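Hello,

Here is the structure I said I would pass on. My notes follow below it.

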Amino acid sequence: MKEAEAIVFVIDDDRAIRDGIASLIRSIGLRVETFGSARHFMSAERPDAPACLILDVRMPGIGGLELQRQLSGAGIHIPIIFITGHGDIPMTVQAMKEGALEFLTKPVRGQDLLEAVQKAIERDRTLRKERAELAAIRARFDSLTPRETEVLHLVVAGLLNKQIADELGTSELTVKTHRAHVMEKTEAESLAHLVRMSERLKNSLRK
Amino acid sequence: MSRYAIAIAFTSVALMLSIALQEPFGNPFWFFFAIAVIASTWICGRGPGWLAVGFSSIAVLYFFIPPYRAWNVKPRDIPFFFTFVLCQVVANWLISWRRKTEEALRRGRDELEIRVAERTLELKNANDALVNQMAEQRRTEEALQVTRTELARVSRITTVGELTASIAHEVNQPLAAVVANADACVAWLSRDVPDLVEARAAAERATHGATRASEVIVRIRSLINKSTPEKAQVQINRIIEETAALTSRQAATNGVALSLELAPDLPTVLGDSIQLQQVILNLMMNGIEAMSGVADRPRRLTIRSGAQESQQVLVSVQDSGVGVSVENMPRLFEPFFTTRTKGMGMGLPISRSIIEAHGGRLWAESDGTHGTTFQFTLPRADGAAG
């Protein structure tokens with residue numbers, strides 16, 4: 001499946017800046033959508049594609065930092081490039097803690113902005129790929145029967161078939177069959193692969 | 001002493017004349033002596049007069065009472081001699097009395113002249129002092145005017161200073177647009193196939209942004225620099241709109257909704273646009289400040305303009321802030337009265353003096369809890385004569 005075309009969202013209450021940034025980004029062949037306020041952006045439909053957000057910190061109504069909180073609260077993870085008139089350190093730190101990618105001060109040099117945008121889209125692309133992979137793994141793992149899930153946990157914990165059979169009070173042969181099903185359903189190429197996938201899932205849940 | 005010598009001289013002359021004339025004409029002696037006594041008394045005063053009387057009496061006794069040139073007197077000549085002496089004494093007394101009176105008169109006249117001169121001098125001094133005082137007063141008034149103008153300017157600068165963050169943003173914003181659009185323009189031109197339509201659009205936006213930045217700077221500079229008031233025909237609505245543009249960012253940052261309800265086709269007023277802008281700026285900043293603690297209702301700043309029937313233009317600035325308490329109300333326009341932690345307390349008195357200098361009136365109304373309305377009137381330019 002060919003990946004959807006990347007898109008850059010620009011949110012700034014100043015139309016001249018919005019248009020300038022949009023024009024700059026279009027000039028390198030990226031898709032751009034502009035919004036005059038955070039509210040408009042939130043209510044707009046967003047295509048499923050690698051994206052990044054260029055966001056003015058100081059806006060009437062919902063400010064940039066507030067929008068960042070709302071997005072992350074809603075589970076929307078778009079890399080954000082903040083633009084600010086005068087970024088003070090506490091504000092920058094807070095934004096970075098919340099996962100902002102860049103903090104650029106106005107007036108922004110075109111080259112800096114374009115580099116940041118490309119970095120952000122690259123990062124979103126990677127994140128999206130990871131999320132997709134993770135989703136696929138979870139789907140495969142979710143397809144296991146409860147018994148198979150039990151066997152999976154014991155296998156990953158490093159137990160031998162005989163030990164697993166003792167643990168579950170069943171025969172070694174039955175364990176072997178479950179184990180083969182597990183390997184097949186999770187599309188694991190080896191025991192090591194299975195362990196890695198299982199770890200990734202666990203890590204993502206812990207996050 | 002010389003006066004006595006003169007008296008002796010007069011009497012001696014009388015004596016010599018009498019002796020010289022004694023041979024041919026008999027005894028005309030006493031006429032000359034009378035003249036000598038009168039002249040001595042008249043010219044030299046009473047003392048010398050007495051001397052002349054004494055001297056001539058002795059001379060008469062010796063030379064002219066028979067027997068001549070001898071001291072003895074015949075009894076029949078005694079009354080004559082005493083009559084002579086008495087006449088001399090009376091002449092002396094009369095003349096000296098007359099002289100005294102004249103002297104008193106002269107002294108009186110002299111004193112009067114001196115007094116008049118003194119009075120004239122006093123009057124002149126008083127007049128000079130008055131002239132000085134008036135010049136001093138004029139200088140003081142001029143200095144006061146300069147001070148007032150300077151104070152108004154300082155207050156403008158202070159207000160502008162409070163707006164610094166807003167103004168920095170106000171200037172930086174169009175500059176950011178300029179940079180973004182200029183970069184975009186270059187990017188469109190640097191493509192393998194330059195896109196001139198996009199490049200041109202970006203360049204035009206850049207130009208527009210630069211113009212916007214320069215307009216902001218012109219507004220700020222005129223607000224800070226100009227010190228001598230200049231009156232001209234002014235559209236009050238335009239001033240309100242410009243001032244609102246300056247404060248819009250400040251209002252947005254403070255969560256204040258700014259609304260303008262301006263009457264169309266307002267007559268022009270005669271005034272100094274910078275000073276009027278300062279008044280509106282003061283009132284708007286006060287309103288925004290007054291609402292900083294308001295959380296239970298919308299923060300709303302409404303500026304209205306309208307025409308009043310009596311040749312006046314009315315402007316009001318209404319906030320939904322904490323209001324002004326009844327006890328603070330009368331002190332609102334006093335210099336250095338402020339309820340704000342920062343702020344000189346000069347904004348309102350200066351605003352009022354500006355409006356009054358324009359022939360208008362500035363006052364406040366508040367219900368003490370839910371906001372304040374500041375209003376001012378200005379005479380319309382065409383009705384200014386009436």
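Subject matter: the two chains and their contact

Chain A has nine helices and five strands. Please keep in mind while reading that this is a predicted model. Read from the N terminus, the elements of chain A come in the order β-α-β-α-β-α-β-α-β-α-α-α-α-α. Chain A has 207 residues, of which 31% count as buried. If you take the contacts in chain A between residues at least 6 apart in sequence, 60% of them join residues at least 24 apart.

Chain B contains nine helices and seven strands. Of its 386 residues, buried ones make up 31%. For contacts in chain B with a separation of 6 or more, residues 24 or more positions apart account for 72%.

Now to where the chains touch. How many residues of chain A are in contact with chain B? The count is 16 residues of chain A, and they meet 22 residues of chain B. On the chain A side, helix α1 (residues 15–27) gives the largest share, with eight residues. Sorted by class, that side of chain A has eight nonpolar residues, five polar and three charged.

Regards

Conventions. Residues numbered from 1 in each chain as written. Chains lettered and ligands numbered in written order. Predicted model: local features only at pLDDT ≥ 70, side-chain atom pairs only at ≥ 80, totals over all residues. Contact = placed C-beta atoms within 7 Å. Helix = DSSP H or I, 4+ residues; strand = E, 2+ residues; numbered from the N terminus. Nonpolar A, V, L, I, M, F, W, Y, C, P; charged D, E, K, R; others polar. Buried ≥ 20, exposed ≤ 12 C-beta atoms within 10 Å, placed from the backbone.
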